[in-house]
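Hi,

Here is the structure I promised to pass on to you. Please open it alongside this email, and then read on for what I found.

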Amino acid sequence: MAFTLIPLPYSDDALAPAVSAETLSFHYGKHHQAYIDKTNAAIDGTELADKPLEAVIAAARGSNQGLFNNAAQSWNHGFYWHSLAADGGAPSGELASMIDASFGSLDNLKQQLKDRGAGHFASGWVWLAEKDGKLSIEETHDGDTLADSGFNPLLTIDVWEHAYYLDHQNARPAYLSAVVDGKLNWAFAAENLARGSAWTYG
Ligand code: FE2
């Protein structure tokens with residue numbers, strides 16, 4: 001069964017002005033759709049056609065870079081839409097305790113997310129992730145993903161230019177500040193932490 005674009009979990013203007021409806025119309029409706037379409041075209045008629053997206057990613061890693069890029073980007077964008085929210089709230093409970101233990105404070109974590117995102121060379125993704133009971137910030141380049149890694153990804157931020165250029169032009173730090181300070185979905189992070197294994201697409 002072919003993969004489909006998962007529904008956006010909010011209206012297309014819910015993240016403005018951090019991420020505008022215009023950006024979402026292109027990023028979700030064009031970029032993410034294209035990754036899905038190219039993944040479907042590449043697996044059509046193959047033994048991967050009925051596999052979950054995570055299995056496609058794992059099978060393609062290291063052996064089929066074109067398919068890997070599109071499948072991983074399909075997954076990353078689905079995870080990213082859920083990593084954002086109109087009002088993301090604040091960490092609580094076990095998540096808040098682990099943030100304090102791993103980063104000292106929520107403010108420190110937020111600053112490190114901004115710094116790592118701003119310093120990430122060229123295109124990629126910045127993640128808050130859990131492994132062996134400890135939280136860390138991870139980076140992946142281009143279309144690479146934590147979907148099939150040993151990490152349990154909790155949140156991600158897209159730092160490809162297409163994520164922010166219409167709203168912030170080349171000012172990636174302005175995009176990062178707007179997202180990190182107001183639009184991260186901490187309830188989604190807590191769900192991922194409680195599950196204890198990586199989110200699945202769909
Ligand atoms: Fe993107």
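Below are my notes, going from the overall fold to the metal site and then to some local details.

Please keep in mind that this is a predicted model.

**Overall fold**

The chain holds eight helices and three strands. Read from the N terminus, the order of elements is α-α-α-α-α-β-β-β-α-α-α. The C-alpha trace extends about 50 × 40 × 30 Å along its principal axes. Buried residues account for 50% of the 202 residues. If you look at contacts with a separation of 6 or more, 70% of them come from residues 24 or more positions apart.

**The iron site**

Which residues hold the iron ion? The protein donors are His27 (NE2), His77 (NE2), Asp158 (OD) and His162 (NE2), at 1.9 to 2.1 Å from the ion. The angles among the four donor atoms run from 89 to 129 degrees, and the site is tetrahedral. Along the chain the donors are spaced as H-x49-H-x80-D-x3-H. His27 counts as buried because its relative accessibility is 1%, under the 20% cut-off. His77 is buried too, with a relative accessible area of 0%.

**Helix H2 and its cover**

Helix H2 (residues 53-60) has Leu53, Glu54, Val56, Ile57 and Ala60 as its buried residues. Seen down the axis of H2, these fall within an arc of 160 degrees, so they line one face of the helix. Just after H2, Gly62 adopts a positive phi of about 80 degrees.

**The segment before H1**

Tyr10 lies in the segment before H1. Is Tyr10 buried or exposed? Its relative accessibility is 13%, so Tyr10 counts as buried. Apart from neighbours within four places in sequence, Tyr10 is in contact with Leu15, Leu24, Trp81, Leu84 and Ala85. The side chain of Tyr10 also reaches the backbone oxygen of Trp81, at 2.8 Å. For a sense of scale, the C-alpha atoms of Tyr10 and His120 are separated by 28 Å, and these residues are 110 apart along the chain.

Pro17 is also placed in the segment before H1. A cis peptide bond joins Ala16 to Pro17, with omega about 5 degrees.

**Two loop residues with positive phi**

Ala122 has a phi near 60 degrees, a positive value in a residue other than glycine. You will find Ala122 in the loop between helix H5 (106-119) and strand E1 (124-131). With a relative accessible area of 43%, Ala122 is partly exposed.

Asp142 likewise is a residue other than glycine with a positive phi, here near 55 degrees. Asp142 is in the loop between strand E2 (134-141) and strand E3 (152-158). Its relative accessibility is 45%, so Asp142 counts as partly exposed.

Best wishes

Key. Residues are numbered from 1 along each chain as its sequence is written. Side-chain values use heavy atoms; hydrogens and water are left out. Donors are N, O and S atoms within 2.8 Å of the metal (3.2 Å for Na, K and Ca); water is not among the atoms, so sites may look incomplete. Four donors count as tetrahedral if all angles lie between 85 and 135 degrees; four count as square planar and six as octahedral if opposite donors are over 155 degrees apart and all others between 65 and 115; anything else is irregular. Buried means under 20% relative accessible area, exposed over 50%, partly exposed in between (1.4 Å probe, protein chains only). Helices (H or I, at least four residues) and strands (E, at least two) are DSSP runs, numbered from the N terminus. Contact means heavy atoms within 4.5 Å. A polar contact is a pair of N or O atoms within 3.5 Å; within protein, one must be able to donate a hydrogen and the other to accept it, and residues adjacent in sequence count only if both atoms are side-chain atoms. The arc is that of the directions from the helix axis to the C-beta atoms.
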